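Welcome, and please open the model in your viewer. We will go from stop to stop, selecting a few residues at a time.

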Amino acid sequence: MRIYLPMSAEDRTILENSPSGLELHAGRAAWGVTGPASADNPDHDDEDLEYEAMQDAMHVALLSADATSRALVIAVDVPEGSVAAAEERGGAFGVELRETARARIASFHVSELDAAAAQQDDTDPALLWFDASEVTDAFAYLDGAAESEPTPPATSA
């Protein structure tokens with residue numbers, strides 16, 4: 001099952017050293033499309049529901065980010081029976097891990113705007129998608145390195 005996690009400081013440390021996966025502990029909050037969430041939205045296809053779950057995770061990530069920081073959500077795949085619905089904690093797409101599970105990284109999603117700008121925008125945050133193999137690029141964009149432009153060479157007069 002695909003779930004979405006706001007990245008924690010611990011996640012980042014692990015991913016910087018071993019980018020292939022994460023061990024997720026029982027009780028961790030996440031967002032995903034459960035059977036009940038799907039049944040409650042019969043007019044939406046799976047792709048729309050996945051988008052909504054990812055956006056819910058991104059909103060939580062942005063709320064916990066510094067105002068001038070972007071946020072990152074990790075899309076991971078976990079065994080089907082390892083999550084349970086947790087709507088009372090996370091809304092329609094809230095889930096939590098029932099047990100410790102090894103998660104395979106599917107992709108990274110970084111907010112295009114920093115947290116303050118995203119909070120002022122009344123639309124869903126625009127997200128940049130990074131493949132699981134692009135963890136270094138995702139972190140560089142998260143940290144703002146994508147905005148820095150090379151210094152032009154000095155010219156002599």
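How much space lies in the largest pocket? About 240 Å³. Before you select anything, note that this is a predicted model, where local features need pLDDT of at least 70, side-chain atom pairs count only at pLDDT 80 or more, and totals for chains, interfaces and linings use all residues. Residues are numbered from 1 along each chain as its sequence is written, and side-chain values use heavy atoms, with hydrogens and water left out.

**Stop 1: the pocket**

Select Met 7, Ala 65, Arg 70, Ala 71 and Leu 72, the closest to the pocket's centre of the 14 residues that line it. Now colour α1 (9–17) and α3 (46–64), the elements that give two or more residues to the lining. By type, the lining residues divide into eight nonpolar, three polar and three charged.

A pocket here is an open set of points on a 1 Å grid over the protein atoms alone, where a 1.4 Å probe fits, with protein on both sides within 12 Å along at least five of seven lines; lining residues have an atom within 4 Å of a point. The volume is the space filled by probe spheres set on the points, which are joined across faces, edges and corners.

**Stop 2: Ser 111**

Next, pick Ser 111 in strand β7 (residues 101–111); strands are DSSP runs of E, at least two residues, and helices are runs of H or I, at least four, numbered from the N terminus. Ser 111 is buried, with a relative accessible area of 1% (buried means under 20%, exposed over 50%, partly exposed in between, with a 1.4 Å probe and protein chains only). Its side chain reaches the backbone nitrogen of Ala 71 at 2.9 Å, and a polar atom of that side chain lies 2.9 Å from the backbone oxygen of Leu 113.

**Stop 3: His 109**

Stay in strand β7 and select His 109. Is His 109 buried or exposed? At 6% relative accessibility, His 109 counts as buried. The side chains of His 109 and Ser 107 make a polar contact at 2.8 Å (a pair of N or O atoms within 3.5 Å, one able to donate a hydrogen and the other to accept it; residues adjacent in sequence count only if both atoms are side-chain atoms).

**Stop 4: Glu 23**

Finally, go to Glu 23 in strand β2 (residues 21–24). Glu 23 is partly exposed, at 46% relative accessible area.

Definitions and conventions: Ala, Val, Leu, Ile, Met, Phe, Trp, Tyr, Cys and Pro count as nonpolar, Asp, Glu, Lys and Arg as charged, and the others, Gly among them, as polar.
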